[in-house]
Amino acid sequence: LFRSTIPSLTQPNRSVTEEILNFDHAHPTCAKARLVDRDGNILDVRSMGFTQAERMRILKLLRTDEKELDDVTIQEWFKDMPHFFTTNFWHMWQTTFAFQTWSSVFEFRRYMNRMIFEFSRIETLEGVTRSPLNQYDSVIRPIEEFLRKEGVVFKENCTVEDIDFAEGDDITVTRLHLNHNGETETVELGAEDLCFMINACMTDSATLGDLHTPAPVPQQKPISGELWSKIAAKKPGRLGNPEPFFTKENESNWLSFTVTCRGDKILKKIEAFTGNIPGSGALMTFKDSGWKMSSVVAAQPHFPNQPSDVTIFWGYGLYTDREGDYVKKAMKDCTGEEMLLEYLHQLHIPEEEIAGLMETVINVIPCYMPYIDAQFQPRKMSDRPPVVPEGSTNFAMISQFVEIPEDMVFTEEYSVRAARIAVYTLMGVNKKICPVTPYNKMPKILLKAVKKAYL
């Protein structure tokens, strides 16, 4: 679809695909500071650091039928191997994909199978594809503009609060109940209408802070999870189960922070430390930090309206309840200023220089995401519903919380594949859905992975 029909917003004679691939080829990724220790040393992470027993345990996981893994966590799978969670592999794999030790071993197994082609270069992240601007402006906005011109109507400030189904065994949506700008509305579905539902959203209930204000912990329940619960109760056992994903905020949350500065003094400090110019380094992780802090410096500008004298970078922490190493507070209680101070201290910048760098800061925006890791929560195979439930006549679900065998969540590809399955099935489109590439069955890729595992 991108290749043939979605034009770039900045280069109208090119498609979005061409724009992204051309930019990516011109800005290759090769992280030179993937892991940093507590003393500020950039680590040599070419070796994964496995013991032979750990290699065999991973192999066993890859060969285990998923039917045997209901509700099993990564910690439980490696419960007799605490060393595994100190390896270079774990620090890099965890922070590249945002796994926790308590995450589902379902998802860990699928990532190992799907991303095995990246395993041999996980320390450089050379497989990362870069877009010219942030992904919203480079991918989502061009699609939205294209759809608007094709007559698609977007209703903003509108929440779907319930969905009615027809009586009987079939799954047929008859009515939507909406809250539009505080007003109650209903939409009746006709015989030819279809309903595609995002049954859950990982960024549900996210909150923002600023330079002097922490991002608040939300008080309300997740809107998307509540809607999913309502409809699942109407068709028991057929529309999945949201309970495992949206009931343990303490396990599914993490925090990001976006730093905006006048000039490039801070970016120059990061460049001098890492050896990577902006846009070339991918992820840098302070592996021993209390918050498990990482950062990414994208090519500048990162936003379409970004002034030429303004620079931006992004970071995140996986352990929001833990105390910082320099700012002695839990990350979720910190202002944007405190998060940046922690970050600059992790770079071991002298105190007298930090004050000058902080004077260049325009804002630091913390973003608390209570369910950002919800799709990784331990679950049963039956908890994620199929894209098109059995017996559906006009209803499908598309999100990171539907079941697509062998595919891995937390990716744009998962969302696209789910949407294609939904549309092609309900609309009778006679086109092949792009299959999951079987990298785990390609001899050359497997050989590279084995060699890497034994370094």
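This is a predicted model: local features need pLDDT of at least 70, side-chain atom pairs count only at pLDDT 80 or more; totals for chains, interfaces and linings use all residues.
User: How much space lies in the largest cavity?
Analyst: On a 1 Å grid over the protein atoms alone, a cavity is a set of points where a 1.4 Å probe fits but cannot get out, and a pocket is an open set with protein on both sides within 12 Å along at least five of seven lines. Grid points are joined across faces, edges and corners, and a volume is the space filled by probe spheres set on the points. The count comes to one cavity of 30 Å³ or more. The space in the largest cavity is about 150 Å³.

User: Which element gives the most to the lining of the largest cavity?
Analyst: Lining residues have an atom within 4 Å of a point, and 19 residues meet this for the largest cavity, with I270, T274, N276, G281 and V297 closest to its centre. Helices (H or I, at least four residues) and strands (E, at least two) are DSSP runs, numbered from the N terminus. At least two lining residues each come from α11 (265-274), β8 (283-286) and β9 (293-296). With four residues, the element that gives the most is α11.

User: Which element supplies the largest share of the lining of the second largest pocket?
Analyst: The second largest pocket has a volume of about 390 Å³, and of its 17 lining residues I58, L59, L62, I116 and V450 lie nearest its centre. Two or more residues come from each of α3 (52-63), α6 (105-114), α7 (116-119) and α15 (443-453). By class, the lining has 13 nonpolar, two polar and two charged residues. The largest share, six residues, is from α3.

User: Is S205 buried or exposed?
Analyst: S205 sits in the loop between β5 (195-197) and β6 (207-208), and has a positive phi of about 70° although it is not a glycine. Buried means under 20% relative accessible area, exposed over 50%, and partly exposed in between (1.4 Å probe, protein chains only). At a relative accessible area of 10%, S205 is buried.

User: Where does the proline of the cis peptide bond from Q300 to P301 lie?
Analyst: The bond from Q300 to P301 has omega near 0°, which is cis. P301 is placed in the loop between β9 and β10 (310-317).

User: Why is helix α5 described as largely enclosed by the rest of the structure?
Analyst: The buried residues of α5 are N88, F89, W90, H91, M92, W93, Q94, T95 and F97. Helix α5 (residues 88-97) is largely enclosed because its buried residues number nine of the ten.

User: Which side chains make polar contacts with the side chain of R175?
Analyst: R175 is in strand β3 (residues 173-180) and is partly exposed at 26%. Leaving out residues up to four places away in sequence, R175 touches (heavy atoms within 4.5 Å) D162, I163, D164, T186, V187, E188 and L189. A polar contact is a pair of N or O atoms within 3.5 Å; within protein, one must be able to donate a hydrogen and the other to accept it, and residues adjacent in sequence count only if both atoms are side-chain atoms. The partners of R175 include, at 2.8 Å, D164 and, at 2.7 Å, E188.

User: How many disulfides does the structure hold?
Analyst: A disulfide is a pair of cysteine sulfur atoms within 2.5 Å. For C334, which is buried at 0% relative accessibility, the nearest cysteine sulfur is that of C367, 15 Å away. The sulfur of C367 is itself 11 Å from the closest one, in C201, too far for a bond. The number of disulfides is zero.

Definitions and conventions: Residues are numbered from 1 along each chain as its sequence is written. Side-chain values use heavy atoms; hydrogens and water are left out. Ala, Val, Leu, Ile, Met, Phe, Trp, Tyr, Cys and Pro count as nonpolar, Asp, Glu, Lys and Arg as charged, and the others, Gly among them, as polar.
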